[in-house]
Amino acid sequence: MVTTSYWSGYPHVISADQFGKSWLLDALFPAAERMVELVKLPVGERPQPLAGMGLYNLFYRESTRTRARFSRAMQLLGGTVEGTEDAEAFSSAKKGETLEDTIRTICSLLYDVIVIRHHEEGSAAKAAQASFGAPIINAGDGSGEHPTQALLDLYTIFREFGRIDGLSIALVGDLNRGRTVRSLARLLAKFDGVTVYMVSPSPLAMREDVKEYLRAHDTKYFELLDLREVAPLVHSVYLTRSQEERPVAGATTRVEIAARFDQRQPGQPDPLYGLNEEILELLQDHAIIMHPLPRNDVFGELPSRFTEEPRVRIFHQVTNGLYISMALLVLALAPQ
Ligand code: NCD
């Protein structure tokens, strides 16, 4: 028997903060396992628990994986998908309509769930306030959070090690503007004995709100400048790209920032915040290498030549994300 009892009102997914350890382990992950089994069935024999239901993808910013993931998840569960991939250009936002009115319109059309990606932090919460009848799923709100990416990341780690308690995870790169790491750190804080190493150039360090969250949950964390220091210690290295579409004061690219603060030269490979042969050598055999994607080949935090490296899990993450999205949709829309 699954439970949605942690949800009050509609089962919105806004922040990683809303999920507790027992719900993750006893409801979400088992539901995701059922989805693994469901997709193994021949097409005609798959149950369709969301038949007749509709998902609306409301994307104000670009997306490859998250939008396709929720679309595919809904289709596999028998539901239908509609939406816009560039709401700023192709919705009434261009005519000045508020986010709230757009949400009210979609709800008025009796959609069952809305997946939203928006450039402003806090926009998903704002959408949830305006929604009636349809859960809102935050697919990324500016530099705020990306809770469903963090859920699939956590599930990937869980499938690999059979637990989260006691693991050591390195979050690497642009921790200031990267929303996936901001959500993942919050999820990790729900578990016991986890150690989080935060490896970034100083101007791109994790923001205080997340560090405060880790402290409040008694989660051990360390901030450092060089991945080599912790590579031998960790179960997972979680790499991120520089979020250059969101400039920080005084520096535009991570290469420039690294050059300025850590004596790196732009264009040189950066062993401090990315993968290279030296880091691969230092990592334990059972350690896994993760990245939310897209990776940035110019900066090169996870160069293409390592795609086939056996410890790299980047496309496993994508498939695990399909199972997690299906599980979230079923738990929200067809709980037993
Ligand atoms: C991430 C995002 O959009 O925050 N991508 C994703 O959804 N997998 C990561 C990023 O853009 O760097």
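This is a predicted model: local features need pLDDT of at least 70, side-chain atom pairs count only at pLDDT 80 or more; totals for chains, interfaces and linings use all residues.
Residues are numbered from 1 along each chain as its sequence is written, and side-chain values use heavy atoms, with hydrogens and water left out.

Let's start with helix packing. Two packed helices are described by the angle between their axes and the distance between the axes. Here axes are lines fitted to C-alpha atoms, for helices over the stretch in contact, with angles running from 0 to 180 degrees between N-to-C directions. The helices (H or I, at least four residues) and strands (E, at least two) are DSSP runs, numbered from the N terminus.

Take helix H1 (residues 21-40) and helix H11 (residues 314-333): their axes come within 8 Å and cross at roughly 110°. H1 and H11 are therefore roughly perpendicular to each other (angles under 35 degrees count as roughly parallel, over 145 as roughly antiparallel, 65 to 115 as roughly perpendicular and the rest as oblique). On the H1 side, the contact (heavy atoms within 4.5 Å) includes Trp-23, Phe-29 and Met-35, and on the H11 side it includes Tyr-323, Met-326 and Leu-331. Sorted by class, this contact has 17 nonpolar residues, no polar and no charged ones. For those classes, Ala, Val, Leu, Ile, Met, Phe, Trp, Tyr, Cys and Pro count as nonpolar, Asp, Glu, Lys and Arg as charged, and the others, Gly among them, as polar.

Next up are helix H7 (residues 179-188) and helix H8 (residues 208-216), whose axes come within 9 Å and cross at roughly 10°. That makes H7 roughly parallel to H8. Arg-182, Ala-185 and Arg-186 of H7 meet Asp-209, Val-210, Tyr-213 and Leu-214 of H8, a set with four nonpolar, no polar and three charged residues.

The axes of H4 and helix H5 (residues 123-130) also come within 9 Å, crossing at roughly 50°, and that makes H4 oblique to H5. Among the residues in contact are Glu-100 and Arg-104 of H4 and Ser-123 and Lys-126 of H5. The class count for H4 with H5 is four nonpolar, one polar and three charged.

Now for the ligand. Residues around it (a heavy atom within 4 Å) include Thr-66, Arg-117, His-146, Gln-149, Leu-293 and Pro-294. A ligand oxygen atom is 3.0 Å from an N or O atom in the side chain of Thr-66, and a ligand oxygen is 3.1 Å from an N or O atom in the side chain of Arg-117. With Gln-149, a nitrogen atom of the ligand is 3.0 Å from a side-chain N or O atom.

Finally, the backbone. Most residues other than glycine have a negative phi, and most peptide bonds are trans. The peptide bond from Leu-293 to Pro-294, however, is cis, with omega near 5°; Pro-294 is found in the loop between strand S9 (288-290) and H11. Leu-110 has a positive phi, near 65°, and lies in the loop between helix H4 (99-108) and strand S3 (113-118).

Terms used. A polar contact is a pair of N or O atoms within 3.5 Å; within protein, one must be able to donate a hydrogen and the other to accept it, and residues adjacent in sequence count only if both atoms are side-chain atoms.
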